[in-house]
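Thanks for coming. I will take a few minutes to go through this model, and you can follow along on the screen.

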Amino acid sequence: MPSIRELAKRESRFVSGHRLCAGCGAGIVMRLVLLAIDKPVIASCATGCVEVASTIFPYSSWKIPWIHSAFENSAATISGIEAAYNVFKREGKIDKEIVFVGFGGDGGTHDIGFQALSGAAERGHNVLYVCYNNQAYMNTGIQRSGATPKFAHTTTSPVGKVIPGKIQWQKNLVDIMVAHGIPYVATSIPGRWNDLVNKVEKAVKINGFKYIEVLSPCRLGWPHEPELTMEISRLAVETCIWPLYEVVEGKYRLTYKPKEKKPVSEWFKLQGRFRHLLLPQNSNLLEEIQKEVDRRWEELLKKSEN
Amino acid sequence: MGIKVAKTANEAFAEGMRQINPDVVAAYPITPATEIVQIFSQFVADGLVKTEFVQVESEHSAMSACIGASAAGARAMTGTSSQGLALMWEMLYIASGLRLPIIMAVVNRTLSSPINIHCDHSDTFGARDSGWIQIYSENVQETYDNLIQGVRIAEHPEVRLPCMIMTDGFILSHCLETMEMLTDEEVRDFVGEPPERENLIKAAVENKPITIGALDLPDYYFEHKRQQAEGMKNALKVIPEIGKEFKERFGRYYGFVENYKLEDADIGIVVIGSTAGTGKEVVDNLRKKGIKAGLLKIRVLRPLPVEEIRRSLKNLKVVGIMERVEGMNAFCGPLYSEISASLYELDERPILTNFVYGLGGRDVRVEDINIIFDDLLNILEKGKKEFTLKYIGVRE
């Protein structure tokens, strides 16, 4: 893995001038993913925050060949690009190695884009798919998604007098991707650059479909203070709400183990969407989350081979 | 030169695709177009094509993968029908808006609901404003010839728009007809290598960034749409050019429209697709009786060949526009709107009336078209019409 000094010397391929919010996690994710790849990259991107904020015509933050076609088809679009590359390579029209990356938010990945993602994974295209998961439809104004955590407040799962936010648990897409039998699946965060860079670097060396899901703090939707982006992503790991692990050929391995597991309330208290969970009358809800997070963490520990 | 063979339109599509030998095909099966992908899969399995075949999980992904492939510089093709085309809807506009010359073989089938697998033109008529070139076929030979010409039309640098080639579900898709198939060399020579375009892979090789599909706000969107409209306008010039080149090489020519016994006609019908064959039979019968009847077949609906439609129909007194689509506007079918708009600016124009027929594969027979011509004769005699839209062959 390159040192941070070496990485800093590499040319950034997601450059400033985009209009993502101050403190947005997604821009950091894009930049780190591209920095981690030292080969030519072609990327597709689903409709969403990153797409609208980074390509306002005639400007673009992408110093790579990049395409956006629609919301639910980033994986299908990159499939077609990879197919074109394969035929050109077979025909001897090209010999350069190119890395194919699909990007999507949680909406374009977990929900509306799930079918295209599943299809591309099943077909086994040589593609790295990176989901920047900010846990709601942030681009359209913070509506709940299949990735929104239980009891989070969103504009379509508002906290009300009788309903305490989103009533369902989030979809575990990481395990669903593992179930596809693809060679590499991992979670990451922007707050541990080495973790993300390491995983991307590892993934692109593997032939086949790879999936990395990065928790991407949204200062507007969660909401949190913009300077807390990195810290809040790390706190998700320290509370075991967002464990860092990878699954190589079906084998689970923790890539980071918190020294001391922090209570989930530590993560909640920095975010407006969970404010209601810290009220005394909602202690049972907080307890429910803690219990489930504990259970999932134990389950992951059992599955992990380290 | 080619050889005489017996082929269904599905087989003709698949054989044409094999001969075109596209870089990428991404497709999903749907009745009655399924055979196209089945036959083509065998060509891939037997190593007869260089094509990378992406067996997508839906038509939405089929078009999305074609968009990706085409944006990467590949010659990309697909095939579908009905609900499959409907599922592609969103992507049809994106393919044309990104100016990607994707070729799609479409087997016309009605749209649900009620679910029905048989022919009418509801599916592609709904897509007529999606920015795709639309070419309809009367028989298996035309299906094949249109497909091969479609590649050149779509990829022409002044057009650069996707193109869909239509054939009638079951009536042609599953009907064996004698046709002349060109040799592989003739087709490959005719379609040639696609003209170079800026694309993702070229950009990657040259290490030059390119952004495709950027957010286009009110300060630029309109200009891009205006350019796209110009591409469609240019197709009016390019389609006959490609058609003439095809004729020079292979002897068959198709215009935007086909005029059948219209020169001196008083009355006539306008049709699309396989019904033209039945219609010509009726015209011949009427001519034998001394009735000056004719037929106009629309081959190209997008771009709309307004000049040719005017030229063909301006001297007629009464015209019946037959269409295999119900427009659900409580007035007329969509083809009627197109034809009447085309003729409106003429100082003198025929009386127009509209006949909707054959929905969901309801058979259209000589007797049905006789009824239409009886109506046209009636209107001719009275000098006025008593209805705008009539349904043919329905119980009500």
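On the H4(A) side, the contact is made by A:Ala75, A:Ala76 and A:Ser79, and on the H6(A) side by A:Ala116, A:Leu117, A:Gly119, A:Ala120 and A:Arg123. By type, the residues of this contact are five nonpolar, two polar and one charged.

Before going further, please keep in mind that this is a predicted model. Its scores are ipTM 0.98 and pTM 0.98. For chain B, the mean pLDDT is 98, and 100% of its residues reach 70 or more.

Now the contact between the chains. How many residues of chain A are in contact with chain B? There are 41 of them, and they are in contact with 43 residues of chain B. At least two residues each on the chain A side come from strand E1 (41–45), helix H3 (49–54), strand E2 (65–67), helix H4 (74–90) and helix H6 (114–123). H4(A) gives the most, with 13 residues. Sorted by type, the chain A side has 23 nonpolar, twelve polar and six charged residues.

E1(A) and E2(A) pair in the parallel sense over two bridges, and A:Ala43 stands opposite A:Trp66 in E2(A).

On to chain B, and strand E7 (residues 163–168). Is this strand enclosed or open? Six of its six residues are buried, so E7(B) is largely enclosed by the rest of the structure. On one side the buried residues are B:Cys163, B:Ile165 and B:Thr167, and on the other B:Met164, B:Met166 and B:Asp168.

E7(B) has parallel pairings too. Strand E5 (residues 103–108) of chain B is joined to E7(B) by six bridges, and strand E6 (residues 133–136) of chain B by four. B:Cys163 is the bridge partner of B:Ile103 and also of B:Ile133. Together, E6(B), helix H6 (residues 140–155) of chain B and E7(B) make a right-handed β-α-β unit.

Chain B also has an open sheet of six strands, in the order E10-E12-E11-E14-E15-E16, with mixed pairing. Its edges are strand E10 (257–260) and strand E16 (389–392); each has a single partner strand, so one side of each is left without a neighbour in the sheet. The twist from one strand to the next averages 20 degrees.

Within this sheet, strand E11 (residues 267–271) and strand E14 (residues 318–323) of chain B pair in the parallel sense over four bridges. B:Val270 stands opposite B:Ile321 there. Helix H11 (residues 306–313) of chain B packs on the sheet and touches E10, strand E12 (293–298) and E14 of chain B, with its direction at about 5 degrees to that of E10(B). Helix H12 (residues 334–343) of chain B lies across E11, E14 and strand E15 (351–357) of chain B, and runs at about 145 degrees to E14(B).

I will end on one residue, B:Tyr254, in the loop between helix H9 (221–250) and E10 of chain B. Why does B:Tyr254 count as buried? Because B:Tyr254 has 22 C-beta neighbours inside 10 Å, and 20 or more is the cut-off for buried. Beyond its neighbours within four places in sequence, B:Tyr254 is in contact with B:Glu142, B:Asp145, B:Gly243 and B:Arg299. From C-alpha to C-alpha, B:Tyr254 and B:Pro240 are 8.2 Å apart in space, and they are 14 residues apart in sequence.

Key
Residues numbered from 1 in each chain as written. Chains lettered and ligands numbered in written order. Predicted model: local features only at pLDDT ≥ 70, side-chain atom pairs only at ≥ 80, totals over all residues. Buried ≥ 20, exposed ≤ 12 C-beta atoms within 10 Å, placed from the backbone. Pairing = 2+ DSSP bridges. Right-handed = clockwise from strand over helix to strand, strands pointing away. pLDDT = per-residue confidence, 0-100. Contact = placed C-beta atoms within 7 Å. Nonpolar A, V, L, I, M, F, W, Y, C, P; charged D, E, K, R; others polar. Axes fitted to C-alpha atoms, helices over the stretch in contact; angles between N-to-C directions.
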